[in-house]
Amino acid sequence: MAPSLLGGLTKSLAMTVLSEVGDKTFFAAAILAMRHPRKLVLAGCLSALTVMTALSASLGWVAPNLISRKWTHHVTTLLFFVFGIWSLWEGFKEDGESEDLAQMEATLDADFKSNKGDSKTKSKATDDKKKQQRPFLMQFFSPIFIKAFSITFFGEWGDKSQIATIGLAADENPFGVVIGGVIAQALCTTAAVLGGKGLASQISEKMVELSSGVLFLLFGIMSLLSGPEGQL
C-alpha cells in the first residue's frame with residue numbers, strides 16, 4: 001500500500017516542530033531578528049529551511065529506487081530508535097540552562113561587533129567601490145538575507161532533523177513530508193523572529209529533547225509494527 005500524504009504530513013509536522021524548537025538555528029533566527037530587519041531574517045531563514053527540507057525529502061524519495069523498500073524501511077525504523085534514545089540521553093544530560101542560546105549569541109555578537117567596527121572606518125567612496133565588487137549573489141540579495149540563509153542552511157546540514165527527514169521521506173509520502181516540514185519550519189521560525197531572545201530564553205532544551213525522544217521512539221514503534229508495506 002502506498003504511503004499516504006496525510007501520514008507523511010502529520011509525522012513530518014510533529015517531528016520538525018519538536019526538532020526545531022530550541023535548535024541552534026531557532027536561536028540564531030531569534031538573535032538575528034534583534035539586530036536586523038525581521039522581514040529579511042525571516043525570509044533568509046525560511047528559504048534555507050525550505051530548500052533543506054526539499055533536498056532532504058528528495059534524497060529520501062530516491063533511496064527506495066536505489067535500495068529495496070524493505071531495507072529502507074528497516075533503516076528508517078532503526079534511525080527512529082537511535083534518534084529517540086539519543087534525544088532522551090541528551091535530555092537527561094541537560095541541566096536546564098540554554099547552552100545553545102548562549103553559544104549562538106556569543107558567536108553572532110562577535111560577528112556583529114566586528115562588522116560594526118569595520119563599517120565605522122569606511123568612507124562613502126570605499127562603500128560604493130565595494131558594492132560594485134560584491135559577489136554575484138550579493139548584487140541581487142541583501143547581505144542580511146544571505147547571512148540568515150547561510151547560517152541556517154549550514155547549521156541544519158548534517159543535523160539530526162535533516163537525517164530524520166531523509167529517513168521519513170524514504171518511508172512515507174515525500175510530498176507530505178515536505179509540506180509538513182515547511183509548515184512546521186514556518187511556524188517555528190516565525191515564532192523565533194517575532195519572539196526574539198525573550199521567547200528563546202524561556203524554552204527548556206531539556207523538555208524539548210525529552211519530548212522529541214519520546215516522539216522518535218513512538219515513530220519507531222509505529223514503523224516496526226506497520227512493516228515495509230505500511231499496514232499495521
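Buried means under 20% relative accessible area, exposed means over 50%, and partly exposed lies in between (1.4 Å probe, protein chains only). Keep that cut-off in mind on this tour.

This is a predicted model, where local features need pLDDT of at least 70 and side-chain atom pairs count only at pLDDT 80 or more, while totals for chains, interfaces and linings use all residues. Residues are numbered from 1 along each chain as its sequence is written, and side-chain values use heavy atoms, with hydrogens and water left out.

**Stop 1: the whole chain**

Show everything as a cartoon. You will find 10 helices and 0 strands. Helices (H or I, at least four residues) and strands (E, at least two) are DSSP runs, numbered from the N terminus. The pattern along the sequence reads α-α-α-α-α-α-α-α-α-α. Of the 232 residues, 41% count as buried.

Contact means heavy atoms within 4.5 Å. Among contacts between residues at least 6 apart in sequence, 92% join residues at least 24 apart.

**Stop 2: the salt bridge**

Select Lys11 and Glu172. Their side chains meet in a salt bridge, 2.9 Å from N to O. A salt bridge is a side-chain nitrogen of Lys or Arg within 4 Å of a carboxyl oxygen of Asp or Glu. The structure holds 1 salt bridge. Side chains of opposite charge can pair when their charged atoms come close.

Where in the chain are Lys11 and Glu172? Lys11 is in helix α1 (residues 5-20), and Glu172 is in the loop between α8 (160-171) and α9. They are 161 residues apart, and the pair links distant parts of the chain.

Is Glu172 buried or exposed? Glu172 counts as buried, because its relative accessibility is 13%. Lys11 is also at 13%, so Lys11 counts as buried.

**Stop 3: the largest nonpolar core**

A nonpolar core is a set of buried Ala, Val, Leu, Ile, Met, Phe, Trp, Tyr and Cys residues joined through side-chain atoms within 4.5 Å. Select Phe26, Phe27, Ala29, Ala30, Leu32, Ala33, Val41, Cys45, Ala148, Cys188, Ala192 and Val193. These 12 residues make up the largest nonpolar core. The largest share, 6 residues, comes from α2. Another core lies apart from this one, with 11 residues, among them Ala164, Leu168, Val177 and Phe219.

Zoom in on Cys45, in helix α3. Cys45 counts as buried because its relative accessibility is 1%. Which residues does Cys45 contact, leaving aside its neighbours within four places in sequence? They are Ala29, Ala148, Thr152 and Thr189. Cys45 and Ala148 are 103 residues apart in sequence, and their C-alpha atoms are 5.4 Å apart in space.

**Stop 4: helix α4**

Color residues 69-93. This is α4, with 25 residues. It reaches 36 Å from its first C-alpha to its last, close to the 36 Å expected at 1.5 Å a residue. The expected span is 1.5 Å times one less than the number of residues. The buried residues of α4 include Thr72, His73, Phe80, Phe83 and Ser87. The buried residues of this helix pack against α3, α8 and α10.

Pick Phe83, in α4. At 4% relative accessibility, Phe83 counts as buried. Leaving aside neighbours within four places in sequence, Phe83 is in contact with Lys160, Ile163, Ala164 and Phe216.

**Stop 5: helix α8**

Move to α8. How many of its 12 residues are buried? The count is 10, and the helix is mostly covered. Buried residues here include Lys160, Ala164, Leu168 and Asp171. End to end, C-alpha to C-alpha, α8 reaches 17 Å, close to the 16 Å expected.

**Stop 6: Ser212**

Finish at Ser212, in helix α10 (residues 205-226). Ser212 is buried, with a relative accessible area of 6%. Its side chain reaches the backbone oxygen of Glu209 at 2.9 Å. Not counting residues up to four places away in sequence, Ser212 touches Leu18 and Ser87.

Technical notes. A polar contact is a pair of N or O atoms within 3.5 Å; within protein, one must be able to donate a hydrogen and the other to accept it, and residues adjacent in sequence count only if both atoms are side-chain atoms.
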